[in-house]
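Colleague: I am new to this structure and would like to learn how to read it. Could you show it and take me through a few features?

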Amino acid sequence: MQVRGNGFFEGTLAQRNEFETVRIFDTTLRDGEQTPRTSFSYEDKRRIAAALDDANVDVIEAGFPANSEQEADAVADIAESCTATVCGLARVVESDVETAVNAGVDMVHVFASTSDVQIEDSMHSTREQVVERSVDAVEQAKAADVEVMFSPMDATRTDPDYLAEIVEAVDDVDVDWINIPDTCGVATPRRFGELVEFVSEHTDARIDVHTHDDFGLATANALAGVEDGAHQVQVSVNGIGERAGNAAFEEVVMAAESLYGADTGIETTAIKEISDLVSDRSSVPVPVNKPVVGANAFAHESGIHAAGVIENSETFEPGVMTPQMVGAQREVVLGKHSGTHAVRQHLVDEGFDPTEQEVRAVTKKVKAHAADDEVVTKSVLRAFAGEVGVERERGEVTA
């Protein structure tokens, strides 16, 4: 008996298991909320945090407590109600760190600009002052007995010698995590992997990566970072965030699980539901061609593709990722490019028993209808079946 399979595990890009596990740090409620024209209400934050917690994310970055009293209250509520590690963001400012600690978070994420352009024109500071303030902030958070993450913001545009200096400085005061942020999205996978290796040489802390999607490389860069030693990836649901957004939760998780065979700990069947929730609450629509969660992610129209998928879904889908794995559904769409296999399947699904000649006749009508930029709905299909005279399975002739 022939065993079906799409050859992924033995094929040209056969799975090599470059890494076995990766932790997921979700920043939807922090960086995701920094999406232009997006603001989560108190209740939005609670609902999204609960969904992420139920899906077993490792860390939920609940927000920036120093931003406002309302923000601090929301972060505190999430910290109290979630089993995941809850993180609060803080600048290297004493009051920021204090506010985050007082919110009851498990982790404080402190950050400071390290590229010269940001030090001079954003922080209006000096390299020496940034190192001093960063060390002070890490020490302050450590004294509160919480996990501490330090981010050298704009790391991918930072002088390497200075990056090494500041990483070593916070390492000397026992920082728990170093996050390597590609703040302006300028990294490429190979260079970013090399940067992770470089930073690892200057710290005993665990490495976390945060990538932006300005050139569409956020997910690739994040996974390259893990390949080269990062322990954790910062993601946001649907990839929302500053400018073009962040590495997408759904993309990183499913690539890690399906392509690398790694364990993320995520309940992947919740992915589509979480995506829909975040899209609704953020008012950021999910593009139809969005990987994993877009309406077309598991949709097929082309005759060859649809026929193959009807026979065996692995012909024209990854196989190692199915719609069921992410809580989605497969769809064979009728349109200009449809073939007889798809039309026959839709007719059967609607209760018809067509002959080959009738299928060809209905297919011709479907193609012509769609060519006029019209949608082929179920009612349209039934009307075409009636025009052709296709019988129902129980023998009735359609009206």
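Modeller: We start with burial: a residue counts as buried when its relative accessible area is under 20%. Keep in mind that this is a predicted model.

Colleague: Which residues of α9 are buried?

Modeller: In α9 these are F249, E250, E251, V252, V253, M254, A255, A256 and S258. That makes 9 of the 11 residues of the helix, which spans residues 249-259, so α9 is largely enclosed by the rest of the structure.

Colleague: What do the buried residues of α9 pack against?

Modeller: Their partners are β1 (23-26), α8 (218-227), β8 (232-235) and α10 (271-282). After α9 comes G261, with a positive phi near 65°.

Colleague: How are two packed helices described?

Modeller: By the angle between their axes and the distance between those axes. Here, helix α5 (residues 127-143) packs with helix α6 (residues 160-171) at about 25°, and the axes are 9 Å apart. Angles under 35 degrees count as roughly parallel, and α5 and α6 are therefore roughly parallel to each other. The crossing of α5 past α6 is right-handed.

Colleague: Which residues make the contact?

Modeller: From α5 come R127, V130, V131, S134, V135 and V138, and from α6 come Y162, E165, I166, A169 and V170. By class, the contact of α5 with α6 has 8 nonpolar, 1 polar and 2 charged residues.

Colleague: In what sense do strands β6 and β7 pair?

Modeller: β6 (residues 177-182) and β7 pair in the parallel sense, over 6 bridges. N179 stands opposite D208 of β7.

Colleague: Why is β7 described as largely enclosed?

Modeller: Because 5 of the 6 residues of β7 (residues 206-211) are buried.

Note on methods
Residues numbered from 1 in each chain as written. Predicted model: local features only at pLDDT ≥ 70, side-chain atom pairs only at ≥ 80, totals over all residues. Heavy atoms only, no water. Buried < 20%, exposed > 50% of the residue type's maximum accessible area, 1.4 Å probe, protein only. Helix = DSSP H or I, 4+ residues; strand = E, 2+ residues; numbered from the N terminus. Contact = heavy atoms within 4.5 Å. Axes fitted to C-alpha atoms, helices over the stretch in contact; angles between N-to-C directions. Parallel < 35°, antiparallel > 145°, perpendicular 65-115°, else oblique. Left-handed = near helix turned anticlockwise from the far one by under 90°. Nonpolar A, V, L, I, M, F, W, Y, C, P; charged D, E, K, R; others polar. Pairing = 2+ DSSP bridges.
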